[in-house]
Amino acid sequence: MLKPYKNPGNKPINPNKNTNLLIWRWLSRVVVLSLVISLSIIQTVPRSLAPPAHAPLSQNSEAKQSNTPTPYPTTSAIPPVVAPSMATKVTTHVVRFQNDRVKQTFLAQNNLSASELTPLPELNAYSVRAANLIAHSGMDSFVNQPYKALLTPTDPLQANQWHFSSTNTLPAWNHQTGNANITTAVIDTGFGLNVTDLTGKWAENSNELGITASEGPTPNCTSRSLTLDKRCNNIDDDNDGYIDNYRGWNFVSDSNNVAAGQFTPNSSAAYHGTAVSSLIAGRANNSIGGSGMSWGSKVLPVQVLDDSGDGDTISVALGIRYAVDQGVNIINMSLGTNSDDPLVSEQIDYATQNGVIVIAASGNDGCDCVSYPARYPSVIAVGATNAANGLAGFSSYGTNLDIVAPGVNLCSVIWTNTATTGLNTCGLNGTSFSSPLVAGAVALLLSQNPTLTPAQVNNALISTATKLTPMGGANFTKYYGYGLLNTLSALNDVSATSLYGSPISTSLISLSQLDKVLDGYEYDKFNSTCTSYTNDVLCTTRAINQQTNQIVTITPNFNPVGTRNLQQDIYSANLIPGTWIIQNYLTTTTGIQSMAREKIITITN
């Protein structure tokens, strides 16, 4: 068991001295008097000689303006004065003109010079900074609205899950959030099977599910007053050697019950398997807890440690073998031992030979002593970093280390004896929690390209890892391995070749949901082209609502070979009014995807 590490608290910062406050009060009065005098002078200057109120500040002036506080006097004799340039908010607008005459008229009406227009040739437009703009016919004006990363979860813990930004996972979700066909076996303690944030995330054995007319000796469905079903009939329906293993297996009690808390429910380690599972594949956008790295994938619960976090060679080896035979894609082991274990090593080799990627925590001993099974060459060994991208003090290191990932003060959902449906928790520390972040990233890679071998996955991870400053420019160090997990770069590395054809037209910003009606069908015009040159590559378009994260896959009606204009081929997608990201991407018959090309559009009524 890799024990959690307690993070020490921070010391408060001392406030400023009283002498500084006295000086600040004198300076504030001087500033205010200066402003009053300056304003009275400005009002006497003819308009033709005064600078326009919306004239942009220089870069240096902006920096000085924003970094210098504006003190207010404490006496009521002199009211606070705010300069006009600070009273109105200067924003950036995007404008487009039908012709030069329209542009010149716009400049004159807004008292702007041509140099204040910044060309945006890709958009056939200009940007301009101003407090207010006067628009007129023959031009379009768009507010430069802020946008956040696509598909960023809205769950309560999301703001505290700093590991996503550190590992460049947020932009990776623009392209892949995980596939339900990809399963990670979590070989660990028991699991909070009723934790709400993991509902529907447990991989199930379909051969041990469903109504049956047969049942074995007691205990069976009848003796337990349950409806006759393969889950409780006490028969090995699929002949795999495990009775009623419809949802994983418990190698501690040799039963199909993998629930947490069966042995010592109040133990400090009883939550462990649940936290690891949540970091890998916790549900997103359900207003509960946080989210996993690959929230679309599944978890197979395999219990090999008791509630105290203790197991042995037999339970771990059997757990690995079982997971492989159940057809999982990934195995995560946030556990370890100090000595070489040939039996476990054999099963890891069996996993690798069957195409399963094995990931394990490096250990929490803070020494040159990567633990087993992470030390085995075919296992991806994961160390821990802190929020400053430095090596966590507890993280074990060595020449066997492959990669590092966040492992200090992580936030996730855990199980406790008094919170069986889940408890939002921060402060998780240990390489135990770094390892599932890498496992979740691997689930994204396999969702993008399910044909990857363990060697290809390992190469994608280490070749794209971020080289941290303490590595001093080296490609590898024993403290950081090949660097910090970079999810987006790894995803790009395993994706199909770039999309052929044109991305979403940059000239299309806003459109009507009822823009065109033909043959009784409503059309949403996306004005995009997508080209595939072989029969095994299909161009696909999807729309993602930025407010709700709803995903609508749009199936174009065209021959997969050749170039077609999707504007002419997509029947109404029934997209509700709002802001949508429209994406084009390629998918091969083997499931490999390209990175998406995308455009933000606004649909109106």
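Contact between helices H7 and H8 (heavy atoms within 4.5 Å) brings Thr313, Val316, Ala317, Ile320, Arg321, Val324 and Asp325 in H7 against Leu343, Val344, Gln347, Ile348, Tyr350 and Ala351 in H8. These residues divide into nine nonpolar, two polar and two charged. Here Ala, Val, Leu, Ile, Met, Phe, Trp, Tyr, Cys and Pro count as nonpolar, Asp, Glu, Lys and Arg as charged, and the others, Gly among them, as polar. The model is predicted: local features need pLDDT of at least 70 and side-chain atom pairs pLDDT 80 or more, whereas totals for chains, interfaces and linings use all residues. Residues are numbered from 1 along each chain as its sequence is written, and side-chain values use heavy atoms, with hydrogens and water left out.

Helices (H or I, at least four residues) and strands (E, at least two) are DSSP runs numbered from the N terminus. Axes are lines fitted to C-alpha atoms, for helices over the stretch in contact, with angles from 0 to 180 degrees between N-to-C directions. Two helix pairs are set out below.

| Helix pair | Angle | Axis distance |
|---|---|---|
| H7 (313–325) and H8 (342–353) | about 10 degrees | 9 Å apart |
| H9 (431–448) and H11 (487–494) | roughly 25 degrees | within 9 Å |

H7 is therefore roughly parallel to H8, a class that covers angles under 35 degrees. H9 and H11 are likewise roughly parallel to each other. In the latter pair, Ala441, Leu444, Leu445 and Gln448 of H9 meet Thr487, Ala490, Leu491 and Val494 of H11. The contact of H9 with H11 comprises six nonpolar, two polar and no charged residues.

A nonpolar core is a set of buried Ala, Val, Leu, Ile, Met, Phe, Trp, Tyr and Cys residues joined through side-chain atoms within 4.5 Å; buried means under 20% relative accessible area, with a 1.4 Å probe and protein chains only. The largest such core has 57 residues, and Ile359, Val438, Val442, Leu445 and Leu461 have the most contacts inside it. Elements giving two or more residues to this core include H6, H10 and H11, while H9 gives the most, with 10 residues. Beyond four places in sequence, Leu445 touches Leu452, Val457, Ala460, Leu461, Ala490, Leu491 and Val494. A second, separate core of 39 residues includes Val302, Val358, Val379 and Met471.

Ser495 lies in the loop between H11 and strand S14 (510–512). Ser495 counts as buried because its relative accessibility is 14%. Leu446 is 49 residues from Ser495 in sequence and 9.8 Å away in space, C-alpha to C-alpha. Excluding residues up to four places away in sequence, Ser495 touches Gln448, Ile592, Gln593, Ser594 and Met595.

Key. Parallel < 35°, antiparallel > 145°, perpendicular 65-115°, else oblique. Buried < 20%, exposed > 50% of the residue type's maximum accessible area, 1.4 Å probe, protein only.
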